[in-house]
Amino acid sequence: MDFDLSPAWISIKVTLTATAIVFFLGLIIAWLMTNYNGRWKGLIDGILTLPLVLPPTVAGFAILLLIGKNGPIGNFLEIFGVNIIFSWYAAVIAAIVVAFPLMYKTTMGAFEQIDPNILSAARTLGASEAKVFWRVAVPVARPGIAAATALTFARCLGEFGATLMVAGSIPGKTETIPIAIYFATQGGEMQVALIWVLIIFAISLTVLVINNYWESHKKNQQRGLGG
């Protein structure tokens, strides 16, 4: 049996890149939205979380409208001879769009659980908003942020619909593990599909187990310090 490992390397490359970008975007936007109480908060929050409830193919279609050859971003990039569609960059963008709501909502929930008195005390002591964010809010909300990051990683790794629409299935270039599973199944290569299923299952489970272990370890440390 000829087994090509390139989908694994492509998936890892896409997933790590997308997770890193979503991590920082999710942190910053979640913090801004936590502190924003304007009249448009409900609408903005709805737009930010919309990819969570839409079919991935709809998200992929929206991305195509933006970065495709006839889209505003695609037209602009074409001036410099850059074409994102059907490249691994397109797969990264698809993963970012569908995974961002998980990072955003979970992180915002963690920020909202922080005692406001802690933040007020930091500001009273002269800490800037940047220091309040990085040195107070992020460390306090760390367990929730870690959980959000693990979920984001797993979502990026498993992304299929939007990726197939904007990146296609080019062996050795854009074919990720979920896409490899789909086409192996369609082609009757059930053994190949099963191997990929076991691989993606093992990777996702390992990430979640490590995150759960880390959370339990931190809780035990906090109990020890409290005792």
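These legends walk through several close-up views of one predicted model.

In this predicted model, local features need pLDDT of at least 70, side-chain atom pairs count only at pLDDT 80 or more, and totals for chains, interfaces and linings use all residues. Residues are numbered from 1 along each chain as its sequence is written, and side-chain values use heavy atoms, with hydrogens and water left out.

View 1. Helices (H or I, at least four residues) and strands (E, at least two) are DSSP runs, numbered from the N terminus. The C-alpha atoms fill a box of roughly 60 × 45 × 30 Å along the principal axes. Of the 227 residues, 39% count as buried, where buried means under 20% relative accessible area. Take the contacts (heavy atoms within 4.5 Å) between residues at least 6 apart in sequence: 73% of them join residues at least 24 apart.

**View 2. Here is the largest nonpolar core, with 44 residues.** A nonpolar core is a set of buried Ala, Val, Leu, Ile, Met, Phe, Trp, Tyr and Cys residues joined through side-chain atoms within 4.5 Å. Look for W31, Y104, F111, L119 and I145, which touch the most other members. Two or more residues come from each of α1, α3 (56-67), α5, α6, α7 (129-140), α8 and α9 (161-167), and α5 gives the most, with 14 residues. Another core, of 11 residues, lies apart from this one, and its members include A8, F153, A180 and A184. As background, nonpolar side chains tend to be buried together in soluble globular proteins.

**View 3. Zoom in on Y104 and its contacts.** Leaving out residues up to four places away in sequence, Y104 touches G26, I29, A30, M33, D45, L48 and T49.

**View 4. The largest pocket has a volume of about 270 Å³.** On a 1 Å grid over the protein atoms alone, a pocket is an open set of points with protein on both sides within 12 Å along at least five of seven lines, while a cavity is a set where a 1.4 Å probe fits but cannot get out; lining residues have an atom within 4 Å of a point. Grid points are joined across faces, edges and corners, and a volume is the space filled by probe spheres set on the points. Of the 13 lining residues, I47, P51, A62, I63 and V97 are the closest to the centre of the largest pocket. Helix α3 provides the largest share of this lining, 5 residues. What classes of residue make up the lining of the largest pocket? It has 13 nonpolar, no polar and no charged residues. Ala, Val, Leu, Ile, Met, Phe, Trp, Tyr, Cys and Pro count as nonpolar, Asp, Glu, Lys and Arg as charged, and the others, Gly among them, as polar.

**View 5. The second largest pocket holds about 170 Å³ of space.** Among its 11 lining residues, E175, A180, E189, V192 and W196 are the closest to its centre. This lining has 7 nonpolar, no polar and 4 charged residues.

**View 6. The largest cavity has a volume of about 50 Å³.** Its lining is formed by S11, V14, T15, A91, A95, C156, L157, E159, T163 and T176. Helix α1 gives the most to this lining, with 3 residues.

Key
Buried means under 20% relative accessible area, exposed over 50%, partly exposed in between (1.4 Å probe, protein chains only).
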